[in-house]
Amino acid sequence: MRLVLLVLLSLLLSGTACDSAGPGIGWAPAGVEVRYQSLHLDGASGITPLPNGDLLVVGSTEGQRGPLDGRLTLPLILRIEPDGILADTTVYRHVRDGTAVQAVLLEDGPAVLVEKQRQPEGDSTVTNAVLHRTSPSGERTGTLFELHDTDLARHPLVQTTDGHFLVGRSPIWDRRPDLVKLDRDGTRRWTYALSDADLVQAVEASNGDLFALGAQDDRQYTLTRLSPAGDPRWQRTYGTDTLREAERLAAVGEGVAVLGTRSVPETTKETVVLTRVGADGQVMWERTYAEGELSVSSLTTLSDGGMAFGYSVRYKEKNDWPHDTRASVLRVGPEGTVQWQRRFGPRMKDNHVSVVEARPNGNVVAAGSTGPLDTRRRADLLVVEYRAD
């Protein structure tokens, strides 16, 4: 597949929170934009800031099996320099259907987690997860570990402070979600099985303890606190009679924050809900934000104790077609107060934000996709960096 790259750079002088016109395609307030464009569908699933200031963005791009065959998904790795220049593009063409899910930093360079599908027999499909050692550009240099026949949790990989890895997954054959602790060479240290909940995500708190977020049903979710050795300290269940769904988890000090949605009674709308939970499991505060037919993306913690997250809202025309999706990134303070809100993607376009990450300097980076209003089969991968102020 021939790839056509279009890199858009907008260096802005103002930190205003309002939408305003500007030069070039996809002008966004207070940030730098980079767009990767192929002939089909491109998307992002992870962002990793590198020590030299570059960004490693992982996701997927579409390829073609043959002239008369359908499309397939290929893992994609981009390296973006601080000024917005797209320095390296790597496509794992050896993976016939897969996605680069996440990247972490090792002493000798990045490692990229790839989820790939295969069909060993008949119409059944199984998934393997492989963590590859890579060069700074994303080229494979080795394999750290491979998990066979497993579905990954959302944002599944955590590199713990001891240099080991925590992977959230669900083995395909028994569907029982668990956390797996692996050392540097991929040897399993321990496994903790979650009961009566689907594993959504796990994070490491500042004191080394681990938190696992599990979705029980549309009304409740669980938080489990574990010691670094995988021993449970406590488990709490949260939720109300109002339908809600927990989507993302982030460590805040010795506690965590949970990002999710809650339905608005007697409507098809939802609100964004952010809940701050202390180390003892007690709810410290809860805030609600946008309202609409929406979905939320990843949650990240900032150096000042605040947080940032993204969400996408779907709008309908009078005849209910086409659907138009607007995306935004919010930065909130330590108590959940909105400090700024920025548009993600071009004005009046179909935009989706899928991942949000913080830089050490306080800037917020978001990645997702932007495409035309009439089809989702052609969409560009979009990365936007927003200044801290």
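A strand, in this tour, is a DSSP run of type E with at least two residues, and strands are numbered from the N terminus. With that in mind, select His155, which lies in strand β10. You are looking at a predicted model.

**Stop 1**

Keep His155 selected and look at its backbone. Its phi is near 45°, a positive value in a residue other than glycine. Most residues other than glycine have a negative phi. Is His155 buried, exposed or something in between? With a relative accessible area of 31%, His155 is partly exposed.

Now select Asp149, in the loop between β9 (140–147) and β10. Asp149 also has a positive phi, near 50°, and is a residue other than glycine. Asp149 has a relative accessible area of 17%, which is under the 20% limit, so Asp149 counts as buried.

**Stop 2: the largest pocket**

Which elements give two or more residues to its lining? Colour β2 (42–49), β6 (98–106), β10 (150–159), β14 (198–204), β18 (244–252), β21 (283–301) and β25 (350–358) to see them. Sorted by class, the lining of the largest pocket has 19 nonpolar, 14 polar and four charged residues.

**Stop 3: the second largest pocket**

His155 also belongs to the lining of the second largest pocket. Select Ala44, Ser45, Gly46, Val101, Gln102, Arg154, Pro156, Arg248, Ser298, Ser354 and Val355 along with His155 to show the lining. The volume here is about 250 Å³. Strands β2, β6, β10 and β25 each give two or more residues to this lining. By class, the second largest pocket is lined by four nonpolar, six polar and two charged residues.

**Stop 4: rings**

The structure holds five aromatic pairs. For one of them, select Phe211 and Trp234, whose ring centres are 5.8 Å apart. How do the two rings meet? Their planes stand at 65°, so the pair is edge-to-face; the cut-off for that class is over 60 degrees. Phe211 lies in strand β15 (residues 210–215) and Trp234 in strand β17 (residues 232–239), so this pair ties together parts that are 23 residues apart in sequence. Both Phe211 and Trp234 are buried.

Next, select Tyr92 and Arg140. The charged end of Arg140 sits over the ring of Tyr92, at 5.7 Å from the ring centre.

**Stop 5: salt bridges**

Side chains of opposite charge can pair when their charged atoms come close. How many salt bridges does a search of the whole structure find? The count is 14.

Begin with Arg133 and Asp108, which form a salt bridge whose closest N and O atoms are 3.1 Å apart. Arg133 is in strand β8 (residues 126–134), while Asp108 is in the loop between β6 and β7 (109–118), so the bridge ties together parts that are 25 residues apart in sequence. Arg133 is partly exposed at 27% relative accessibility, and Asp108 is exposed at 56%.

Move on to Arg331 and Asp304. Their salt bridge has its closest N and O atoms 3.3 Å apart. Arg331 lies in strand β23 (residues 323–332) and Asp304 in the loop between β21 and β22 (307–316), so this pair ties together parts that are 27 residues apart in sequence. Arg331 is buried, with a relative accessible area of 7%, whereas Asp304 is partly exposed at 42%.

Then try Arg169 and Asp178, whose side chains meet in a salt bridge at 2.9 Å, N to O. Are these two residues buried or exposed? Both Arg169 and Asp178 are buried.

To finish this stop, select Asp54, Arg79 and Asp88 together: a network of salt bridges links them.

**Stop 6: Phe165**

At 1% relative accessibility, Phe165 counts as buried.

Definitions and conventions. Residues are numbered from 1 along each chain as its sequence is written. This is a predicted model: local features need pLDDT of at least 70, side-chain atom pairs count only at pLDDT 80 or more; totals for chains, interfaces and linings use all residues. Side-chain values use heavy atoms; hydrogens and water are left out. Helices (H or I, at least four residues) and strands (E, at least two) are DSSP runs, numbered from the N terminus. Ala, Val, Leu, Ile, Met, Phe, Trp, Tyr, Cys and Pro count as nonpolar, Asp, Glu, Lys and Arg as charged, and the others, Gly among them, as polar. On a 1 Å grid over the protein atoms alone, a cavity is a set of points where a 1.4 Å probe fits but cannot get out, and a pocket is an open set with protein on both sides within 12 Å along at least five of seven lines; lining residues have an atom within 4 Å of a point. Grid points are joined across faces, edges and corners, and a volume is the space filled by probe spheres set on the points. Rings of Phe, Tyr and Trp (its six-membered ring) pair if their centres lie within 6.5 Å; planes under 30 degrees apart count as stacked, over 60 as edge-to-face and the rest as tilted. Buried means under 20% relative accessible area, exposed over 50%, partly exposed in between (1.4 Å probe, protein chains only). A charge sits over a ring if NZ of Lys or CZ of Arg is within 6 Å of the ring centre and within 35 degrees of the ring normal. A salt bridge is a side-chain nitrogen of Lys or Arg within 4 Å of a carboxyl oxygen of Asp or Glu.
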